[in-house]
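Before you look at the coordinates in detail, here are some notes on the points I would read alongside them. They are arranged by topic, so that each can be checked on its own.

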Amino acid sequence: MPAASVQQQPSPERLWRNARLATMAPGAPGIGIVAQGAILVRGERIVYAGPECNLPPAGTAARDEVDCGNRWITPGLVDCHTHLIHAGHRANEFEMRLRGATYQEIAAAGGGIISTLRATRAATMEQLIAESLPRLDALIAEGVTAVEIKSGYGLDLVTERRLLQAARELGRLRRVHVHTTFLGAHAVPPEMSGDADGYIASVIETMLPTLAAEGLIDSVDGFCEHIAFSPAQMARVFSAATALGLRVRLHADQLSNLGGARLAAEHGALSADHLEHSDEASVEALARAGTVAVLLPGAFYFLREKVLPPVEALRRHGVAIAIATDCNPGTSPLTSLLLAMNMAATQFRLTVEECLIGATRAAARALGLENDLGTLEADKLADLAVWDIETPAELVYRMGFNPLYSRIWRGR
């Protein structure tokens, strides 16, 4: 049959109207408020977001309308730093910490990352998914439409693959975008204790190229700290990742200043995360590189840290600030991005505007997804959160309260 005889049907349109918008669009003042707004979606993408009075007229496509009752619409939230997939918990270490044990002392006693490693290696794919789905569902229930999920609790090829495959499967089981991050350089596994260089060689020569070839990796991360890996070791991992065409990110300057943020900037990292001990020169390097600073107030709170991230320096140099839950079993068992925003405001003194942009536009940029997510603009994916609130400040102000009215993922 000739191709000309097949007629293409127009894409259906859906309209959300009678709404107040917080577009988070760059260049717009503040959070880009539109007092009487509408969003027109065709297929999975936004074709118009702005004042309802300027809405394009209906064309030949069928158009369904949703009256939002003057509710607020923001972009779907983006949680850009999680360790969401793991087995077991570390409540016993929480008790140890309450009695005065430090992060380093717990790790030295066989706890920390290695404790979760043992439980995770023993878990099947089905068990990992069953344990992780409730955590993902908690984020989704608060309007999260995209989430980053790291590996790093396997530290061998078999288990790291299982973690990344589980992350991909979560993205199939739920209407959410999953960005997978390979965190093989998280800690030295017990079978290679004392041989960090040897383990890094296995990451570079075996795990990274194998998992990348299998299409399981979207970005590569590492833990640059005295209890983990040196800047020189992480530079080797980053060079290998870059050679494979993968973008990098880094747990940097959380417990001390090893120059992790500067290292991230030197390698054009998407983000540098934590940053409590970063100095002015490090912040300047992040600004030059366009690297996003991801602040993780859940870990700061849970570890009862005292050294604040350099927020004023980040503002002064124009570094984009993102906020994430850092959902993990040991230092931030947090599955609420709304609460993370509140913590960022109360602990780090971020403004409401910074918190809202930090969980949308800046978070999308920290994953390299800013062309598709994070703002309400034409051509972006139609990931929306509709809120039953009087003012966007409520999303940062409230604790333990979820005002989500509805969540739209890719127009559905």
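1. In this predicted model, eight strands make up an open sheet whose order is 6-7-8-9-10-11-12-13, and the pairing is parallel. At the edges are strand 6 (77–79) and strand 13 (321–323), each of which pairs on one side only. From one strand to the next, the twist averages 25°.

2. Strand 10 (residues 247–252) and strand 11 (residues 271–274) run parallel to each other and are joined over four bridges. Ala 252 has His 274, in strand 11, as its bridge partner.

3. With a relative accessible area of 1%, below the 20% limit, Val 147 counts as buried. Setting aside residues up to four places away in sequence, Val 147 touches Asp 79, Thr 82, Leu 136, Leu 139, Val 176, His 177, Val 178 and His 179. Arg 174, which is 27 residues away from Val 147 along the chain, has its C-alpha atom 11 Å from that of Val 147.

4. Ile 129 belongs to helix 4 (residues 125–140) and is buried, at a relative accessible area of 12%. Once neighbours within four places in sequence are left aside, the contacts of Ile 129 are Ala 166, Glu 169, Leu 170 and Leu 173. For one of these, Leu 170, the separation from Ile 129 is 41 residues in sequence and 7.1 Å in space, taken from C-alpha to C-alpha.

5. How many aromatic pairs does a search of the whole structure find? The search returns three, and two of them are described here. In one, the rings of Phe 94 and Phe 302 have centres 5.1 Å apart and planes at 20°, an angle under the 30 degrees limit, so this pair is classed as stacked. The partners come from distant parts of the chain, with Phe 94 in helix 1 (residues 91–98) and Phe 302 in helix 10 (residues 297–302), 208 residues apart.

6. Another pair, formed by Phe 300 and Phe 348, is edge-to-face, with 5.1 Å from centre to centre and 80° between the planes. Because Phe 300 lies in helix 10 and Phe 348 in helix 12 (residues 337–348), this pair ties together parts of the chain that are 48 residues apart in sequence. Phe 300 is buried at 7% relative accessibility, and Phe 348 is likewise buried, at 5%.

7. The charged end of Arg 71 sits over the ring of Tyr 405, at 3.7 Å from the ring centre. The charged end of Arg 398 sits over the ring of Phe 401, at 4.9 Å from the centre of that ring.

8. Most residues other than glycine have a negative phi. Met 24, although not a glycine, has a positive phi of about 60°; this residue is found in the loop between strand 1 (13–22) and strand 2 (33–42). Is Met 24 buried or exposed? Its relative accessible area is 1%, and Met 24 is therefore buried. Arg 410 also has a positive phi, near 55°, and is found in the segment after strand 15 (404–408).

9. Finally, some values for the chain as a whole. The chain contains 15 helices and 15 strands. Its radius of gyration is 22 Å, close to the 22 Å that the globule rule gives for 412 residues, so the chain is as compact as a globular protein of that length. Along the principal axes, the C-alpha atoms fill a box of roughly 65 × 60 × 40 Å. Of the 412 residues, 57% count as buried. Among contacts between residues at least 6 apart in sequence, 72% join residues at least 24 apart.

Technical notes:
Residues numbered from 1 in each chain as written. Predicted model: local features only at pLDDT ≥ 70, side-chain atom pairs only at ≥ 80, totals over all residues. Heavy atoms only, no water. Phe/Tyr/Trp six-rings, centres within 6.5 Å; stacked < 30°, edge-to-face > 60°. Helix = DSSP H or I, 4+ residues; strand = E, 2+ residues; numbered from the N terminus. Buried < 20%, exposed > 50% of the residue type's maximum accessible area, 1.4 Å probe, protein only. Lys NZ or Arg CZ within 6 Å of the ring centre and 35° of its normal. Pairing = 2+ DSSP bridges. Axes fitted to C-alpha atoms, helices over the stretch in contact; angles between N-to-C directions. Rg over C-alpha atoms; globule rule 2.2 N^0.38 Å. Contact = heavy atoms within 4.5 Å.
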